[in-house]
Amino acid sequence: MTDTAEHDGTEPTTEEAAAPTQRERRIAAWRNAPRVLARLGFLAPLRERLALLEAAGDVHDLDETSDIYGNGVVEALERRVAELLGTEAAAFFPTGTMAQQVALRCWAGRTGDPAVALHPLGHPEVYERHAFSQVSGLRPVHFANEPRLPTAEEVRDFPEPFGALMLELPLRDAGFVLPTWDELTEVVEAARERDAVVHFDGARLWECTEHFGKPLEEIASLADSVYVSFYKSLDAFGGAALAGPASLVEEAKTWRHRYGGAVFQQFPTALSALIGLDRELPRLPEYVRHARVVAAALREGLEAGGLPFFRVHPEVPHTYDFQVWLPYETEFVAETAIKAGEETGRMLFANHWDPKGPGLTFTEVYVRAAALEWTADDVREAAADFARRLTGG
């Protein structure tokens, strides 16, 4: 009782077997489109990614012996991160997942409390398969589910003790949102009142200076320890760093080895991170400012195109990434975005779309150097065209 080729004994045709997936079509449309809002390095061909290292001689002495188990260029990267964040030391890690587990494990040993207070939308809870509890013996406890960082009152009045407060800056799954500077300092003070340490999940901390109006070292100085990513903002091959007091960092390096993070050689990743700090870091505030232009023009274009409902969130982006919500089924919107890119050469929505309920979907919009070529009029025109494709207008 089957009626599909999969079960009736027939074989799919060569054309059917070779049909690209929607993801493959989306990436192909993004690569081929002359106009995009971001050229994300990790989606580029290997040849293009390797070409990044052509600038390695500008950031490090390439006649130096390559690194072995974390010396050489890796140590140079660690010193650079500590200098930028104003901390005593920093340690390179192959992943942020490992860096944060190690940091919070070390703090738990010092405070005697394995409870880590964090938002339920925080990266470790959503994307890391309960690594805190399953691997590191930590006990996550959650603040309210509202899509924002916790308030000082919520921290102060939390009904059970915790040894560490973990704040993701920005909180990605809530829309890359940040508190105000005063709100952030009040939250940190509330944690201190409870004798808790403060750890910043700063995977995208590099992007926060424009919103806070503060330099990196002043932002980082609020926390006892900070994790930063090298690929999320800086377009490096991967890697992360944990920054904080020298004694904590030394202990973290011991746990890094125990966790399997003492990789024999990391020079390609370390060099790509140094290149990112040299090339991309100074440009991030410009991207944030332009993201605000893009977001405003998107709203105007979608409205002009006749959409009955939509949401750009936050209305004024806190960093250079934000969300767009639409009242349509995910498959329909995704196909429309791909076809618009293929047919017009303008890839306004290059990221995947995720369902958030019946007839509701959303995507993340990334604004990088490529977006600087778009004027507000360009964005409005592309958004209006996309809206008309959705409505059939």
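Start at α4 and α13, which cross in the left-handed sense. A crossing is left-handed if the near helix is turned anticlockwise from the far one by less than a right angle, and right-handed if clockwise. The model is predicted: local features need pLDDT of at least 70, side-chain atom pairs count only at pLDDT 80 or more, and totals for chains, interfaces and linings use all residues. Residues are numbered from 1 along each chain as its sequence is written, and side-chain values use heavy atoms, with hydrogens and water left out.

**Stop 1: α4 and α13**

Select α4 and helix α13 (residues 267-279). Helices (H or I, at least four residues) and strands (E, at least two) are DSSP runs, numbered from the N terminus. The two helices pack at an angle of about 30 degrees, with their axes 9 Å apart. Axes are lines fitted to C-alpha atoms, for helices over the stretch in contact, and angles run from 0 to 180 degrees between N-to-C directions. The angle makes α4 roughly parallel to α13. Angles under 35 degrees count as roughly parallel, over 145 as roughly antiparallel, 65 to 115 as roughly perpendicular and the rest as oblique.

Now show side chains. From α4, Val73, Val74, Leu77, Arg80 and Leu84 meet Phe267, Ala270, Leu271, Ala273, Leu274 and Leu277 of α13. Contact means heavy atoms within 4.5 Å. This contact has 10 nonpolar, no polar and 1 charged residues. Ala, Val, Leu, Ile, Met, Phe, Trp, Tyr, Cys and Pro count as nonpolar, Asp, Glu, Lys and Arg as charged, and the others, Gly among them, as polar.

Next, pick tyrosine 69. It sits in the loop between α3 (46-51) and α4 (73-85).

**Stop 2: α14 against α16**

Select α14 and α16. They pack at about 40 degrees, their axes 7 Å apart. The pair is therefore oblique, and the crossing is right-handed. On the α14 side, color Val293, Val294, Ala297, Leu298, Glu300, Gly301 and Leu302. On the α16 side, color Ala376, Val379, Arg380, Ala383, Ala384, Phe386 and Ala387. The contact of α14 with α16 divides into 11 nonpolar, 1 polar and 2 charged residues.

**Stop 3: α15 against α16**

α15 passes α16 in a right-handed crossing. In α15, look for Phe332, Val333, Thr336, Ala337, Lys339, Ala340, Glu343 and Thr344. They meet Asp385, Phe386, Arg389 and Leu390 in α16. The residues of this contact divide into 6 nonpolar, 2 polar and 4 charged.

**Stop 4: arginine 25**

Which residue forms a salt bridge with glutamate 335? Select arginine 25: the closest N and O atoms of the two are 2.8 Å apart. A salt bridge is a side-chain nitrogen of Lys or Arg within 4 Å of a carboxyl oxygen of Asp or Glu. Glutamate 335 lies in helix α15 and arginine 25 in helix α2 (residues 22-32), so the pair ties together parts that are 310 residues apart in sequence. Glutamate 342 is in helix α15, 317 residues from arginine 25. The whole structure holds 25 salt bridges.

**Stop 5: the open sheet**

Select the 4 strands in the order β9-β10-β13-β12. They form an open sheet with antiparallel pairing. Two strands pair if DSSP finds at least two bridges between them. β9 (311-313) and β12 (353-357) stand at the edges with a single partner strand each, so one side of each has no neighbour in the sheet. Neighbouring strands are turned by 25 degrees against each other on average, direction ignored.

Zoom to β9 and strand β10 (residues 321-326), paired over 3 bridges. Histidine 313 has glutamine 323 of β10 as its bridge partner. The peptide bond from histidine 313 to proline 314 is cis, with omega near -10 degrees. Proline 314 is in the loop between β9 and β10. Bring back helix α14 (residues 284-304): it lies across β9 and β10, at about 10 degrees to β10.

Move to β12 and strand β13 (residues 360-366), paired over 4 bridges. Tryptophan 353 stands opposite threonine 363 in β13. Their hairpin has 2 residues between the strands, and glycine 359 there takes a positive phi near 65 degrees.

**Last stop: proline 170**

Select leucine 169 and proline 170, joined by a cis peptide bond with omega about -5 degrees. Proline 170 is in the loop between β5 (164-168) and α9 (181-193).
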